[in-house]
Amino acid sequence: VPPDAFEPPPKVDSAIVRMIPKENPEKCSFAALEKTVTQAFSQRRKMLRNNLAPFFTEAELAELGIDPTKRPEELSIEQFVTLANHLK
């Protein structure tokens, strides 16, 4: 979107993002998902094995098919749902 579409015009071009909800979203507890994501991103540049240590051991992460050496921004939504569904 060009700058002249706004008043006052910004010094950058803008973009429009269209978000479409999934038809069949993954099922999990919102509270568990929120808790897992908050903990995972509490120190964003740390590995999951460090951030999620209060909830999961390295072995548990590996059993769930999640590499404990990954950082939270590398996980998919489905992987976060998997973690939330196995939160104790």
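Begin by selecting Thr-36, which is buried at a relative accessible area of 0% (buried means under 20% relative accessible area, exposed over 50%, and partly exposed in between, with a 1.4 Å probe and protein chains only). Thr-36 sits in helix H1, residues 30-40, where helices are DSSP runs of H or I with at least four residues, strands are E runs of at least two, and both are numbered from the N terminus. This is a predicted model, in which local features need pLDDT of at least 70 and side-chain atom pairs count only at pLDDT 80 or more, whereas totals for chains, interfaces and linings use all residues. Residues are numbered from 1 along each chain as its sequence is written, and side-chain values use heavy atoms, with hydrogens and water left out.

With Thr-36 still selected, show the backbone oxygen of Ala-32, which lies 2.8 Å from a polar atom of the Thr-36 side chain; a polar contact is a pair of N or O atoms within 3.5 Å, where within protein one must be able to donate a hydrogen and the other to accept it, and residues adjacent in sequence count only if both atoms are side-chain atoms. Then display the contacts of Thr-36, which, not counting residues up to four places away in sequence, are Leu-52, Phe-80, Leu-83, Ala-84 and Leu-87, contact meaning heavy atoms within 4.5 Å.

Next, select the largest nonpolar core, which has 13 residues, and among these Leu-48, Leu-52, Phe-56, Leu-61, Leu-75 and Leu-83 touch the most other members. Such a core is a set of buried Ala, Val, Leu, Ile, Met, Phe, Trp, Tyr and Cys residues joined through side-chain atoms within 4.5 Å. The elements giving two or more residues to this core are H1 and helix H4 (77-85), and H4 supplies the largest share, 3 residues. In soluble globular proteins, nonpolar side chains tend to be buried together.

Glu-74 is 26 residues from Leu-48 in sequence, and their C-alpha atoms are 9.9 Å apart. Glu-74 belongs to the loop between H3 and H4 and is partly exposed at 45% relative accessibility, and its side chain reaches the backbone nitrogen of Arg-71 at 2.6 Å.

The side chain of Asn-51 reaches the backbone oxygen of Gln-43 at 2.9 Å, and, apart from neighbours within four places in sequence, Asn-51 is in contact with Gln-39, Ala-40, Ser-42, Gln-43, Lys-46 and Pro-72.

Now turn to the charged pairs: the whole structure contains 3 salt bridges, each being a side-chain nitrogen of Lys or Arg within 4 Å of a carboxyl oxygen of Asp or Glu. Select Lys-22 and Glu-78, whose closest N and O atoms are 2.6 Å apart. Lys-22 lies in the segment before H1 and Glu-78 in helix H4, so this pair ties together parts that are 56 residues apart in sequence. Lys-22 is partly exposed at 47%, and Glu-78 is partly exposed at 32%.

The salt bridge between Glu-73 and Arg-45 has its closest N and O atoms 2.7 Å apart. Because Glu-73 lies in the loop between helix H3 (58-63) and H4 and Arg-45 in the loop between H1 and helix H2 (48-51), the pair ties together parts that are 28 residues apart in sequence. Select also Glu-58 and Arg-49, which form a salt bridge with the closest N and O atoms 3.9 Å apart; Glu-58 is partly exposed at 44%, and Arg-49 is partly exposed at 29%.

Finish in the segment before H1, where Pro-8 lies, and inspect the peptide bond from Glu-7 to Pro-8, which is cis with omega near -5°. Most peptide bonds are trans. Phe-6 also lies in the segment before H1 and is partly exposed at 37% relative accessibility. Selecting Phe-6 together with Val-1 and Ile-16 shows a nonpolar surface patch of about 300 Å²; patches are made of residues with over 30% relative accessible area and no salt bridge, with like charges joined within 9 Å and nonpolar side chains (Val, Leu, Ile, Met, Phe, Trp, Tyr) within 5 Å, and accessible areas come from the Shrake-Rupley method with a 1.4 Å probe, only the protein chains shown counting as cover for residues.
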